[in-house]
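Dear colleague,

I am handing over the structure below, and after it I set out what was found in it.

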Amino acid sequence: MTKFLSSAALAAFLGTTGLAQAVEFKMSHVRPQGATIDLELKAFSDTVKEATGGDVDIRIFAASALGDYTVVQESISVGAVEMATQPAATGTDRQMQIASFPYLASNWKEARKIYGPEGVLHETMAELYQKQDITMLAAYPVYFGGISLNREPMTSRSTDPNGIKVRVPGIKSFQLTGEALGYIPAPIPFSDAYTAIQTGVVDGVIGSGAEGYYASFRDVTKTYIPANTHFEVWYMIISNEALNGLDAEDQAALKKAAVDFETQRWVVAEEDQGKWEKRLADELGTTLVTLTNAELAAMAAKVRTDVWPQILGDIGQEWGQSILDKALN
């Protein structure tokens, strides 16, 4: 009877027999083709292919072509998909909500300290992924989140939203943040979000940032509020089966390419955020609501008071608080 092996298992077999190995990995991400992450991952794929002498060929699948990011993470856990660069899915482990804790960082300097290579969130997320038989290769800082509306605000201030209904991810922290800021949150899958806005089921979105709204919601973003709701970080992950199927030299080359990928992203991410906010205004005519430091501080204080205790209760008070203490130290 013929037995079929996964690409990772086949690579491991070929490695033990001394034959040349060449594997093809699928890499999923959530943005459309041509988006920043799509172009950066294609460059990363080229780097890995060259560094491994053609042993590892990473095919990029844009726009959640392999499934919603929650499904993809589960697929990576069992080795059905090899790689992804995407948000952490909290469905299989509620502790992963720590990655999107609202108003944890206030600026890019704080974000790098908390989420960067030496940060407590970097280490914590790597540990949580390992519990799912997944290796985290790199963090990918995206932006500080904001609020997109398919209408002009009821007032000129986002701090007075007057119960506007907005789509939020199916993650408790986003739902609670929306409520704390005065919105009516509606958990809707990302794949259905655009239609929900277009048809008037909701009037906007909480959970993304300027680049995300430009990439996926540009036609329904009339107002953008840079409220710094959360710091968005995606993670480059690989199934342990796929990683362990590579020989030591190719593993090292892949890991080094991932570290370099993350290092470069931290250099350009802050500038990138400003660029996308400008494109929303200049190209689409989106109204950008300017918030004062005092308004941002008031929003952060309210969310920390109202929302943080509830999230900690959901993910584990002692465990979560220990991470927050390290992050804020």
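Which residues have the most contacts inside the largest nonpolar core? This is a predicted model, in which local features need pLDDT of at least 70 and side-chain atom pairs count only at pLDDT 80 or more, while totals for chains, interfaces and linings use all residues. Residues are numbered from 1 along each chain as its sequence is written, and side-chain values use heavy atoms, with hydrogens and water left out.

The residues in question are Phe44 and Met125, in a core of 88 residues; a nonpolar core is a set of buried Ala, Val, Leu, Ile, Met, Phe, Trp, Tyr and Cys residues joined through side-chain atoms within 4.5 Å, and buried means under 20% relative accessible area, with a 1.4 Å probe and protein chains only. Strand β4 (residues 134-144) gives this core its largest share, nine residues; strands here are DSSP runs of E with at least two residues, numbered from the N terminus. Apart from this core lies another, of 15 residues, including Ala193 and Leu280.

There is also an open sheet of six strands, ordered β7-β6-β8-β5-β9-β11 with mixed pairing, where two strands pair if DSSP finds at least two bridges between them. Because β7 (184-187) and β11 (287-288) stand at the edges with a single partner strand each, one side of each is left without a neighbour in the sheet. Within the sheet, β5 (residues 146-149) pairs with β8 (residues 204-208) in the antiparallel sense over four bridges, and isoleucine 147 has isoleucine 206 in β8 as its bridge partner.

With best wishes

Key: Buried means under 20% relative accessible area, exposed over 50%, partly exposed in between (1.4 Å probe, protein chains only).
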